[in-house]
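Please look over the sequence and the three-dimensional structure below before reading on.

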Amino acid sequence: MPPDVLLESVTKRYGSLVAVDAVDLRVERGTYCCLLGPSGCGKTTTLRMIAGHEYATAGRIGIRDQEVTHMPAARRPTSMMFQDYALFPHMNLVDNVAFGLKMRGVGTQKRRQQAEAMLDMVGMGTALTSLPSQLSGGQRQRVALARALITEPTVLLLDEPLSALDRLLRLRMRSELRSLQKRLGVTFVHVTHSQDEALALADLVVVMDRGRIQQAGSPREVYDRAAGSFVASFIGDHNVLHGEFLERIPGYLLLKGPGDTRFQVPDDVQTSETVGFSIRADHAFLVSGNAAPTNVLSGTAAAVEYTGLTVRIRLERPDLGDFWVYVPESEFWSAPVALGEPIHVSWRTDDVRVLIA
């Protein structure tokens with residue numbers, strides 16, 4: 001069975017600027033795929049090439065059993081939901097949603113019936129004659145989603161659809177998007193810069209940087225087994241450290257870290273001068289000053305942030321970047337840490353993930 005989206009060595013250049021660099025991607029049918037990365041990483045350009053709003057400079061784009069590399073956007077079996085929703089302000093909701101069917105020559109009565117049914121499906125069936133200006137942000141998003149889905153696309157493309165919403169509404173709409181996608185079985189390709197959003201929504205997370213895919217996998221794979229330093233740092237909640245190889249002991253490597261620190265990591269790589277590794281912030285913990293000599297960092301509590309379930313503490317020292325530890329709320333209040341106080345942080349060697357790049 002062909003995938004719903006297939007990119008083969010897809011490249012996009014603007015003069016000397018390479019926005020997307022030889023990207024290969026396969027998105028199977030019924031998948032919720034999130035393209036994740038910082039601004040300028042190429043994720044939106046990739047989405048626009050799938051949609052046909054940009055043409056690839058090189059490579060091949062397939063949607064299900066069609067090659068669409070040079071096909072105009074209007075002929076592709078895709079639909080696009082834009083970041084600003086792009087609703088027509090002078091049209092009521094039914095006419096907004098029915099517009100795509102009108103452009104395809106569907107009769108007035110039939111397209112209105114389908115538009116009303118689609119609005120009802122997204123929870124807007126009681127506001128059919130309202131104008132977009134009379135709606136909240138979440139309601140406008142539902143209408144834009146209904147308009148994108150009414151043409152029954154093979155692939156629905158979403159360009160940061162939740163970025164304009166406040167936090168509580170964003171959480172609600174995110175669950176509604178996921179539920180609707182699974183109910184309809186339509187493949188979604190969703191661009192976001194939010195790590196939380198991608199992890200919560202996606203079956204397939206595609207992390208991009210500098211026009212290339214750095215890692216693609218399930219949320220758990222990307223979060224727990226980052227492929228390299230960039231992914232570990234960008235995905236959040238991970239501390240990235242480096243150490244110089246000292247010696248191999250059974251099953252482990254001993255590394256020299258900054259100052260007089262020593263790190264022990266699993267023997268997952270061939271010996272090299274420098275080894276990078278990551279530790280999740282929730283796998284680190286506070287220890288006393290006379291702890292074991294390996295896998296311990298000492299510094300100052302440069303930030304103490306209460307978030308409800310946990311307290312986030314940032315260790316700072318001159319020869320090291322930020323190192324975060326997430327302390328369970330009950331544990332923190334039994335032994336509070338004050339801002340500026342000396343602290344010592346450690347972690348289990350088995351919780352270390354050696355980075356391959």
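The text below describes the chain as a whole, and then some of its parts.

This is a predicted model, in which local features need pLDDT of at least 70 and side-chain atom pairs count only at pLDDT 80 or more, while totals for chains, interfaces and linings use all residues. Residues are numbered from 1 along each chain as its sequence is written, and side-chain values use heavy atoms, with hydrogens and water left out.

**The whole chain**

The chain holds nine helices and 20 strands, where helices (H or I, at least four residues) and strands (E, at least two) are DSSP runs, numbered from the N terminus. Its C-alpha trace spans about 80 × 45 × 35 Å along the principal axes. Of its 357 residues, 49% count as buried; here buried means under 20% relative accessible area, exposed means over 50%, and partly exposed lies in between (1.4 Å probe, protein chains only). The chain exposes about 17000 Å², and carbon and sulfur atoms supply 49% of that area; accessible areas come from the Shrake-Rupley method with a 1.4 Å probe, and for residues only the protein chains shown count as cover. Among contacts (heavy atoms within 4.5 Å) between residues at least 6 apart in sequence, 64% join residues at least 24 apart.

**Cores and helices**

In soluble globular proteins, nonpolar side chains tend to be buried together. A nonpolar core is a set of buried Ala, Val, Leu, Ile, Met, Phe, Trp, Tyr and Cys residues joined through side-chain atoms within 4.5 Å. The largest such core in this chain has 47 residues, and those with the most contacts inside it include Val 97, Met 124, Leu 177 and Phe 188. Helix α4 (residues 137-149) gives the largest share of this core, six residues. Apart from this core lies another, of 27 residues, among them Val 10, Val 27, Leu 35 and Met 49. Met 124, not counting residues up to four places away in sequence, touches Leu 93, Leu 119, Leu 135, Gln 139, Arg 142 and Val 143.

How many of the nine residues of helix α1 (residues 43-51) are buried? Seven of them are, so the helix is largely enclosed by the rest of the structure; the buried residues are Lys 43, Thr 45, Thr 46, Leu 47, Met 49, Ile 50 and Ala 51. Gly 52 follows α1 and has a positive phi, near 95 degrees.

Helix α2 (residues 93-103) also has buried residues, including Leu 93, Asn 96 and Val 97, and what covers the buried residues of α2 includes α3 (108-121) and α4. At the start of α2, a side-chain oxygen of Asn 92 reaches to within 3.2 Å of the backbone nitrogen of Val 94, and just after the helix Gly 105 takes a positive phi of about 85 degrees.

**Single residues in strands**

Tyr 32 lies in strand β3 (residues 32-36), and it counts as buried because its relative accessibility is 0%. Leaving aside neighbours within four places in sequence, Tyr 32 is in contact with residues that include Leu 177, Phe 188, His 190 and Leu 204. The contact partners Leu 177 and Phe 188 are also among the residues with the most contacts inside the largest core. The table lists polar contacts, each being a pair of N or O atoms within 3.5 Å, of which, within protein, one must be able to donate a hydrogen and the other to accept it, and residues adjacent in sequence count only if both atoms are side-chain atoms.

| From | To | Distance |
|---|---|---|
| Tyr 32 side chain | His 190 side chain | 2.8 Å |
| Gln 215 side chain | Arg 225 backbone oxygen | 3.0 Å |
| Arg 280 side chain | Asp 282 side chain | 2.8 Å |

Gln 215 belongs to strand β10 (residues 212-217) and is buried, with a relative accessible area of 13%. Arg 280 is found in strand β14 (residues 274-280) and counts as buried at 18% relative accessibility.

Most residues other than glycine have a negative phi. Ala 22, in strand β2 (residues 17-27), has a positive phi near 50 degrees and is partly exposed, with a relative accessible area of 41%. Glu 152 has a positive phi near 55 degrees, lies in the loop between α4 and β7 (155-159), and is exposed, with a relative accessible area of 71%.
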